[in-house]
Amino acid sequence: MRNTRHGCRMEPWREAALRGLLRILACGATAMLAGCVTDAGSIRSGSWMIDQKPDRITGTPVAGAVTRTWGATNSNNPAIRNALLQLTCFENRPIAKIALDFKIGSDRNTSLGYRFDDKPGRDSVESRVLLGYQVIVIEDAAALQQFVDDLRGSNRLFVRFRSLNAGNSAVEFKVDGSETAIEAAYAACPLSPATSRRTT
């Protein structure tokens, strides 16, 4: 800071940093009420970041909703890793995707279970592990509808994976603010009982 005839003036870099901090604080305060539009073209709703940037091919918003966490564990590895939960449309179909920084097992020998808050837990959920063995998707219509129904109004999600060749893995996500995330993520591919399991 330096003195001028008109009082105390902040150096430009400090002033820019202060303006950025004030924007972040204002964004955080309004996010609790109606979501917050960020400079990157995303909206924050509780623990969710909702992508509003247009796709460069189609020109329409991607509109996926993502919540991230640190704390994923695996019984075969003492390291604690990052994880991601995403609600989105893929090829005009609604899916929920969980991605981790380590292998959770293959499609044929991995079982998914989850529980939202103190709601009933769901075990052996219909799901599919993708090649690379670090991503699992819920795409079956009934399973996805149940997952989303349980998600609504919840604050925390605990997920557990059991695998014959990759041990047991677990992670907990914060999922508050999910109503806005669900509506935005599936706006272009509404949940429908007619949706069938996608095969490869």
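Because the model is predicted, local features need pLDDT of at least 70 and side-chain atom pairs count only at pLDDT 80 or more, whereas totals for chains, interfaces and linings use all residues. Residues are numbered from 1 along each chain as its sequence is written, and side-chain values use heavy atoms, with hydrogens and water left out. The protein has three helices and 13 strands, where helices (H or I, at least four residues) and strands (E, at least two) are DSSP runs numbered from the N terminus.

**Confidence**

- The mean pLDDT of the protein is 83, and 76% of its residues reach 70 or more; pLDDT is the predictor's confidence in each residue, on a scale from 0 to 100.
- Over residues 1-6 the pLDDT stays under 50, and the model has 10 contacts for this stretch beyond four places in sequence, a contact meaning heavy atoms within 4.5 Å.
- Residues 194-200 also have pLDDT below 50, and this stretch has 18 contacts in the model beyond near neighbours in sequence.

**Overall packing**

- Of the 200 residues of the protein, 40% count as buried; buried means under 20% relative accessible area, exposed over 50%, and partly exposed in between, with a 1.4 Å probe and protein chains only.
- Among the contacts in the protein with a separation of 6 or more, 56% come from residues 24 or more positions apart.
- The accessible surface of the protein is about 11,900 Å², and carbon and sulfur atoms hold 54% of this area; accessible areas come from the Shrake-Rupley method with a 1.4 Å probe, and for residues only the protein chains shown count as cover.

**Salt bridges**

- Eight salt bridges are found in a search of the whole structure, each being a side-chain nitrogen of Lys or Arg within 4 Å of a carboxyl oxygen of Asp or Glu.
- E139 and R128 form a salt bridge in which the closest N and O atoms are 2.7 Å apart; this pair links distant parts of the chain, with E139 in the loop between strand 11 (135-138) and helix 2 (141-151) and R128 in strand 10 (residues 128-129), 11 residues apart. Both E139 and R128 are buried.
- R152 and E179 meet through their side chains in a salt bridge of 2.4 Å, N to O; R152 lies in the loop between helix 2 and strand 12 (156-163) and E179 in helix 3 (residues 178-185), so that the pair links distant parts of the chain, 27 residues apart. R152 is partly exposed at a relative accessible area of 27%, and E179 is partly exposed at 39%.
- D51 and K53 form a salt bridge between their side chains at 3.0 Å, N to O, and K53 counts as partly exposed at 38% relative accessibility.
- A network of salt bridges links D123, R160 and R162.

**Aromatic pairs**

- The structure holds three aromatic pairs; rings of Phe, Tyr and Trp (its six-membered ring) pair if their centres lie within 6.5 Å, and planes under 30 degrees apart count as stacked, over 60 as edge-to-face and the rest as tilted.
- Y114 and F116 form an edge-to-face pair, at 5.5 Å centre to centre and with 70 degrees between the planes; Y114 counts as buried at 5% relative accessibility, and F116 is buried with a relative accessible area of 1%.
- Y114 also forms an edge-to-face pair with F147, at 5.1 Å centre to centre and with 80 degrees between the planes. Because Y114 lies in strand 9 (residues 110-116) and F147 in helix 2, this pair ties together parts that are 33 residues apart in sequence.
- F147 counts as buried at 1% relative accessibility, and ring pairs link Y114, F116 and F147 into a cluster.

**Two loop residues**

- G64 is placed in the loop between strand 5 (48-51) and strand 6 (65-74), and is buried with a relative accessible area of 3%.
- Leaving aside neighbours within four places in sequence, G64 is in contact with M49, I50, D51, L87 and T88; G64 and A96 are 32 residues apart in sequence and 10.0 Å apart in space, C-alpha to C-alpha.
- S47 lies in the loop between strand 4 (42-45) and strand 5, and counts as buried at 17% relative accessibility.
- Not counting residues up to four places away in sequence, S47 touches V66, T67, K174, V175 and D176.
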